[in-house]
Amino acid sequence: MKQEKIIAAYEAAKERYAGLGINTEKAMSDLQGISLSLHCWQTDDVTGFENPDGQLTGGIQATGNYPGKARNIEEVRQDIEKVRTLVPGNHRLSLHAIYGDFKGKKVDRNEIEPEHFQSWIDWAKEKHCSKKNPFGTT
C-alpha cells in the first residue's frame with residue numbers, strides 16, 4: 001500500500017514536471033553520473049564524538065540539538081544508509097576527525113591514529129564501498 005502511494009505520488013510529480021519541460025526519468029538517470037559528497041556532520045549537526053557531552057563553540061550556525069539527530073556512530077551509519085536508499089548514484093562520505101571511533105575515550109587531535117577509524121573502514125567494506133564505488137551503491 002505504501003509503495004503504491006509512493007508510485008502514485010511520483011507519477012503525479014512526473015506529470016507536473018513534464019508540464020514544465022522537465023523529464024524526471026532523464027534527471028534520475030543523470031543523477032547516476034553525479035557524485036555528491038555527503039558530510040557526516042549532516043547527521044548530528046556538527047557535534048561528533050570527540051566531546052559528545054560538550055557544547056558547540058565558535059561562530060558556527062548550528063544548535064546540535066535537533067530532534068532525531070544521531071547520538072552515536074551506529075545512528076550516524078543508519079542515517080547514511082537511509083540516504084543511500086533515497087539518492088541514486090555513487091557518492092562520497094566526508095568523514096571528519098571528530099567522528100572517529102574513540103571507544104568513549106578522550107583522544108586529543110594530535111593523538112588520532114588510523115585505528116580510530118578502523119570501524120568505519122570495516123563498515124564501508126561490509127557495505128561494499130570501494131574507491132571505484134565509494135558509497136556502496138550498485
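**Close-up views of a predicted model**

**View 1. Tyr17, Leu20 and Ile22 make a nonpolar surface patch of about 320 Å².** The structure shown here and in the following views is a predicted model. Leu20 has a relative accessible area of 66%, and because exposed means over 50%, Leu20 counts as exposed.

**View 2. Asp101 is a buried residue in the loop between β2 and α4.** The relative accessible area of Asp101 is 15%. Asp101 is called buried because this value is under 20%. Leaving aside residues up to four places away in sequence, Asp101 touches Ile73, His116 and Ser119. With Ser119, the contact includes a polar one between the two side chains, at 2.6 Å.

**View 3. The side chains of Asp101 and Lys103 make a polar contact.** The distance given for this pair is 3.0 Å. Lys103 is found in the loop between β2 (92–94) and α4 (118–126), and Asp101 is likewise found in the loop between β2 and α4. Asp101 is buried, whereas Lys103 is exposed.

**View 4. Lys103 has a positive phi although it is not a glycine.** The phi angle of Lys103 is about 55 degrees. Lys103 has a relative accessibility of 64%, which is why, with exposed meaning over 50%, Lys103 counts as exposed. The side chain of Lys103 is also the partner of the Asp101 side chain in the polar contact of 3.0 Å.

Key: Residues are numbered from 1 along each chain as its sequence is written. This is a predicted model: local features need pLDDT of at least 70, side-chain atom pairs count only at pLDDT 80 or more; totals for chains, interfaces and linings use all residues. Side-chain values use heavy atoms; hydrogens and water are left out. Helices (H or I, at least four residues) and strands (E, at least two) are DSSP runs, numbered from the N terminus. Buried means under 20% relative accessible area, exposed over 50%, partly exposed in between (1.4 Å probe, protein chains only). Patches are made of residues with over 30% relative accessible area and no salt bridge: like charges are joined within 9 Å, nonpolar side chains (Val, Leu, Ile, Met, Phe, Trp, Tyr) within 5 Å. Accessible areas come from the Shrake-Rupley method with a 1.4 Å probe; for residues, only the protein chains shown count as cover. A salt bridge is a side-chain nitrogen of Lys or Arg within 4 Å of a carboxyl oxygen of Asp or Glu. A polar contact is a pair of N or O atoms within 3.5 Å; within protein, one must be able to donate a hydrogen and the other to accept it, and residues adjacent in sequence count only if both atoms are side-chain atoms. Contact means heavy atoms within 4.5 Å.
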